[in-house]
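This report goes through one protein model, with attention to a pair of helices and the charged residues around them. The sequence and structure come first.

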Amino acid sequence: ISAISRQILKLYSSVYNRTDIQHIPQQLAWDQLHALTSSNLKSTDVIAVGRLIPKKGFEALIDAIELLKQKNLKLKLIIVGDGPLYDVLAQRVSEKELNEQISLLGSKSHEETLVLMQGAELLVVPSKAMEDQEGIPTVIPEAMFLKTPVLTSAVGAVEELIRPGQNGYLLFEESIKHIADQIKFCLSIEKQDVLNQAERDV
């Protein structure tokens, strides 16, 4: 039996009383990633990637973009992924009059998603803390390798990989204000040392 993170390994070992579980880190599409790292063009401010379900926290991210707009900071956000909340999120964007800032792109191929991530100033992973915690979403190490800064919720096994201010940034609250403040902070600071460390860590 294998686990993709140390936290999942500990959980399985405890719950199932097993000693034959190994920690096997996630494998990334290295060839695709290497092909993209030569480009430094940035086409959007923020990107979020994942299945459109409640635990991913996309509603809060949309609200955070609205809050920043109210503070005269108009950011471009693209959301890549499909799922049962697609229509709900699209309606939320429309009702908040954010259609010029937020694009729901639906499902994309892995290669297309990597290109979009490489072209973003910041990847935001605003997952909620829930019982069925995730390991480490694959998009996080992929973005780190592409030198796209990562701002992610401190849930699941994420803290095994992300060291705040060293190779990425963490969200410690689910509040709209906290998410908005952290996005603004991440986009306003010099991040080259953090990006270099992030690339080394994956």
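## A network of charged residues

Salt bridges link D63, E66, R92 and K96 into a network. The model is a predicted one. Side chains of opposite charge can pair when their charged atoms come close.

Two of the pairs in this region involve D63. In one, D63 forms a salt bridge with R92, and the closest N and O atoms are 2.9 Å apart. Because D63 lies in helix α3 and R92 in helix α4, this pair ties together parts that are 29 residues apart in sequence. In the other, the side chains of D63 and K96 meet in a salt bridge, with an N to O distance of 3.4 Å. K96 lies in the loop between α4 and β5 (102–106) while D63 is in helix α3, so here the parts tied together are 33 residues apart in sequence.

Is D63 buried or exposed? Its relative accessibility is 14%, so D63 counts as buried, the cut-off for buried being under 20%. R92 has a relative accessible area of 25% and is therefore partly exposed. K96 is also partly exposed, because its relative accessible area is 23%.

## How α3 and α4 pack

Helix α3 covers residues 58–70 and helix α4 covers residues 86–95. The two pack at an angle of about 10°, and their axes are 11 Å apart. Angles under 35 degrees count as roughly parallel, so α3 and α4 are roughly parallel to each other. Their crossing is right-handed.

Which residues in α3 meet α4? On the α3 side they are F58, E59, I62 and D63, and on the α4 side L89, R92 and V93. Sorted by class, this contact has four nonpolar residues, three charged residues and no polar ones. D63 and R92 belong to this contact, and they also form the salt bridge with closest N and O atoms 2.9 Å apart.

## E59 in the contact

E59 is another residue of helix α3. Its relative accessibility is 15%, so E59 counts as buried. Leaving aside residues up to four places away in sequence, E59 touches P54, L85, L89 and R92.

How far apart in sequence are E59 and L89? They are 30 residues apart in sequence, while their C-alpha atoms are 6.7 Å apart in space.

## The protein as a whole

How many salt bridges are there in total? The count comes to five, with a nitrogen of Lys or Arg required to be within 4 Å of a carboxyl oxygen of Asp or Glu.

The secondary structure comprises eight helices and eight strands. The protein has 202 residues, of which 47% count as buried. Among contacts with a separation of 6 or more, residues 24 or more positions apart account for 70%. E59 and L89, at 30 residues apart in sequence, are one example of residues brought within 6.7 Å, C-alpha to C-alpha.

Technical notes: Residues are numbered from 1 along each chain as its sequence is written. This is a predicted model: local features need pLDDT of at least 70, side-chain atom pairs count only at pLDDT 80 or more; totals for chains, interfaces and linings use all residues. Side-chain values use heavy atoms; hydrogens and water are left out. Axes are lines fitted to C-alpha atoms, for helices over the stretch in contact, and angles run from 0 to 180 degrees between N-to-C directions. Helices (H or I, at least four residues) and strands (E, at least two) are DSSP runs, numbered from the N terminus. Angles under 35 degrees count as roughly parallel, over 145 as roughly antiparallel, 65 to 115 as roughly perpendicular and the rest as oblique. A crossing is left-handed if the near helix is turned anticlockwise from the far one by less than a right angle, and right-handed if clockwise. Contact means heavy atoms within 4.5 Å. Ala, Val, Leu, Ile, Met, Phe, Trp, Tyr, Cys and Pro count as nonpolar, Asp, Glu, Lys and Arg as charged, and the others, Gly among them, as polar. Buried means under 20% relative accessible area, exposed over 50%, partly exposed in between (1.4 Å probe, protein chains only).
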